[in-house]
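Here is a short report on a ligand and the residues around it. Look at the structure first, then read on.

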Amino acid sequence: RIVYVNGDYLPESEAKVSVFDRGFLMADAVYEVTSVLGGKLVDFDGHTTRLRRSLSELDMPSPATDEDLLAIHRELVARNGIEDGMVYLQVTRGAPSERDFAYPDASVPPTLVLFTQAKPGLADSPLARTGMAVISIPDQRWARRDIKTVQLLYPSMGKMMAKAQGADDAWMIEDGVVTEGTSNNAYIVKGDTIVTRDLGPHILAGITRAAVLRFAAESQMKVEERPFTLDEALAADEAFITSATTFVMPVVRIDGRDLGAGRPGPVAIRLREIYIEESRRAAI
Ligand code: PMP
């Protein structure tokens with residue numbers, strides 16, 4: 001596999017990042033994941049816009065222009081022959097010569113790393129047919145989840161807790177309401193209304209979320225952006241998640257209890273179809 005590090009395209013075995021890199025030492029880094037469908041990038045502009053915001057919230061210097069980032073994404077997709085899969089991008093605050101909590105001065109350049117992962121049949125996941133099971137866990141992450149940092153230890157623990165219970169993912173609960181999944185936004189459907197958490201520091205503003213809510217509105221579906229409780233979720237007709245790599249994925253079980261008939265619901269199925277179709281069409 002060919003990866004990108006600070007201006008160079010290299011075999012992954014030759015790519016190097018300093019042990020003093022603040023991404024490695026302090027999780028002082030932000031990232032983006034962009035899906036590839038049919039060799040093209042899905043929602044690329046949304047991901048670069050969110051990257052800019054993450055960088056600016058952390059006063060982190062920008063490693064490249066949007067045009068350069070697009071060119072690097074395309075070059076990696078081409079060099080690795082990716083049809084369906086994803087491009088991972090990470091920016092860190094770079095590698096000062098000494099470990100120090102204070103940010104280094106502007107002479108230390110940020111580190112920019114990108115790599116691809118092939119996922120053949122990404123849009124045709126078997127999980128979309130059966131739907132996924134989630135468990136609920138307390139949300140013990142930091143309070144700025146709107147910034148897409150690489151502090152992913154608690155979400156990793158959450159996935160392991162889910163796995164230990166034979167589930168696929170965890171929905172995180174804070175002050176009695178669902179924030180989001182470990183790596184996705186969470187939705188319930190009651191009657192003809194889709195409910196998902198309103199944006200703010202408590203969740204990541206999903207790029208897929210924005211697209212799906214737009215498609216829902218265009219299809220005359222009713223959407224409420226507001227907090228919802230675990231009890232509300234357990235009493236919902238259906239549920240689903242969204243993220244760049246799972247698109248729209250039905251949720252059929254929460255904490256071992258089936259929602260409705262325990263099968264993917266019509267709203268999730270419809271939104272998944274629309275999202276994949278529109279994403280293929282608009283990919284660049
Ligand atoms: N919330 C969290 C915590 C995430 O990690 C992700 C995926 N990175 C999302 C939501 C979904 O965001 P997107 O649709 O941009 O992939």
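## The ligand site

The ligand takes up the space of the largest pocket. A pocket is an open set of points on a 1 Å grid over the protein atoms alone, with protein on both sides within 12 Å along at least five of seven lines.

This is a predicted model: local features need pLDDT of at least 70, side-chain atom pairs need 80 or more, and totals for chains, interfaces and linings use all residues. Residues are numbered from 1 along each chain as its sequence is written, and side-chain values use heavy atoms, without hydrogens and water.

The shell around the ligand draws on domain 1 (2-119) and domain 2 (127-282), so the ligand lies between them. Domain bounds come from an automatic or database assignment.

There are 17 residues around the ligand. Each has a heavy atom within 4 Å of it. Arg50, Lys148, Glu180, Ile207 and Thr208 come nearest. By class, the shell holds 4 nonpolar, 9 polar and 4 charged residues. Here Asp, Glu, Lys and Arg count as charged, and Gly is among the polar ones.

| Side chain | Ligand atom | Distance |
|---|---|---|
| Arg50 | oxygen | 2.8 Å |
| Lys148 | nitrogen | 2.2 Å |
| Glu180 | nitrogen | 2.7 Å |

The protein covers 92% of the 390 Å² of accessible area that the ligand has on its own. Such areas come from the Shrake-Rupley method with a 1.4 Å probe.

Methods
A polar contact is a pair of N or O atoms within 3.5 Å; within protein, one must be able to donate a hydrogen and the other to accept it, and residues adjacent in sequence count only if both atoms are side-chain atoms. On a 1 Å grid over the protein atoms alone, a cavity is a set of points where a 1.4 Å probe fits but cannot get out, and a pocket is an open set with protein on both sides within 12 Å along at least five of seven lines; lining residues have an atom within 4 Å of a point. A molecule sits in a cavity or pocket if more than half of its atoms lie within 2 Å of its grid points.
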